[in-house]
Amino acid sequence: MATGMFEILCACVVILYLLYYYLTADFDYWTSRGINGPKPIPFFGNILEFLTGKINMGDFFKKIYDRYPKDSLVGIFLRGNPVLVIKDPEYIKQVLIKDFPTFADRNSTVYEKAEPMSMHLFRLDSARWRPLRMRLSPVFTTGKLKDMFHLLLNCSDHFEKYLDEIVSKDSIVECRDLTSKFTIDVIGSCAFGLEMNTLKEENNQFQRIGRKIFRSSPKVMIRNALKEISWFYKNFGYFFDDHDVTKFITDITRETIEYRKRNNVRRNDFIDILIDLKDNPSKLGVNNVTDEFIAAQLFVFFAAGFETSSSTMSYAMYELAQNQSIQEKVRKEIKEVLDNTDGVISFDSVKKMDYLGKIFQETLRKYPPVTFLMRQSIKNYTFEGTKITLRKGQDVVIPNYALQHDPNIYPDPEVFDPERFSAENIKQRNPMYYLPFGDGPRNCIGARFATNQTKIGLIKVLMNYKIDVCEMTQIPLIHAPWTNFMFQTTHGIHVKLTKL
């Protein structure tokens, strides 16, 4: 009996040793290459604080960035995986632009059966991404954006009327809830060709779905953790998917396409391009395009347009409430430009609002919707002019939130200063130090659409209301700890609106 117990004990020791070895086998990866970085912990690597809900990933990468001020590259471990954090603008340029073919993939797995809405442009591997990006890009040309501009204006007019109604009831508003109603109406009109009615309905289904996509909770963290066990999530992830989101987006996409085909409706918009791809899958180099694949493209357009533009509008209103001189200056500019067009907002008149553009850029500097960029090498790679090598499949991180809050690049980074984006100041900075939409071939496809949408929403607010802080305004904002790459806060963004 004693011998048997001894053998079991030995077996347990061996298993624990092998598990420890497996979890720490790569832990000398960066030290052996002469790259500094924090010491990893078995199983957790360097992200214990994130996994326990104490910090979000954007703030985590900023801590790493600040901890190694003299290093252009920092080696970290996401659990057991060695990941390179890139701080030097020339190395960033190599990854995003110069050697893009090597880094065309994001670190994102598509689960076609377990998570159908993951088959979208943002997450697809480079082989499937290229033909899809090429086919979708024409939707976002200057000509197409001009064609869609009247739809934006129509939604903004509804937004203006809605503001009149709610401000008469209560002058304190929660910005994210307010602006998301406007951006969902815009996305619905421009992408789906539908009237969303989020401004008329208190619990609109699209707004409910939008909130669910970007919610932060322990449940979402658990689901994301399970994705790290790829084989498990591939086979059992279906049980963790938000089936109501998948069904809603797929159904509305299918119904919209069927309606257009049945009634011979063509608008030369996003839906029409998706119909063409479904009818002609060879354009994507495949034999068949499923309803779920088509729905996934509308899902990411809806999700990105809903979240990024509404959050940017909200943070701009938050900053303008605290900076009255900036608010008065931009309101004066808007009035002067519109006085020359009899008060009519046009595609060209928005472009002439230079100071509004600076406010938009400074908002994205301080509050980038995506706090870090991740790329994956598709082959072994050595950074130019160095002996620093990456293995095929290894990840690199560009911490744009940290870069955009570096006092050596942006003095007093917590101060909201639109003049950072004067033509003269922009020239003095490396363009790799400002990446709210990414850069290179895999940058944000809808950046210009988002810019127009956000600016028009802000124009409607500033033309009619003075924005102030109130007793519910949280200063400073507290970052939500459960978020991965999106920038979110723990509380709402409340301001006071007063009719001018």
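This is a predicted model: local features need pLDDT of at least 70, side-chain atom pairs count only at pLDDT 80 or more; totals for chains, interfaces and linings use all residues.
User: What makes β8 and β9 a pair?

Analyst: Two strands (E runs in DSSP of at least two residues, numbered from the N terminus) pair if DSSP finds at least two bridges between them. β8 and β9 (residues 494-499) are joined by 4 bridges, so they count as paired, and they run antiparallel.

User: Why is β8 called an edge strand?

Analyst: The open sheet has 3 strands in the order β3-β9-β8, with antiparallel pairing. β8 (465-468) pairs on one side only, as does β3 (172-174), and these are the edge strands.

User: What lies across β8 and β9?

Analyst: That is α19, running at about 95° to β8. Here axes are lines fitted to C-alpha atoms, for helices over the stretch in contact (heavy atoms within 4.5 Å), and angles run from 0 to 180 degrees between N-to-C directions.

User: Which helix gives the largest share of the lining of the second largest pocket?

Analyst: α16 does, with 6 residues. Helices are DSSP runs of H or I with at least four residues; α16 (354-366) and α19 (447-464) are among those that supply at least two residues of this lining.

Conventions: Residues are numbered from 1 along each chain as its sequence is written. Side-chain values use heavy atoms; hydrogens and water are left out.
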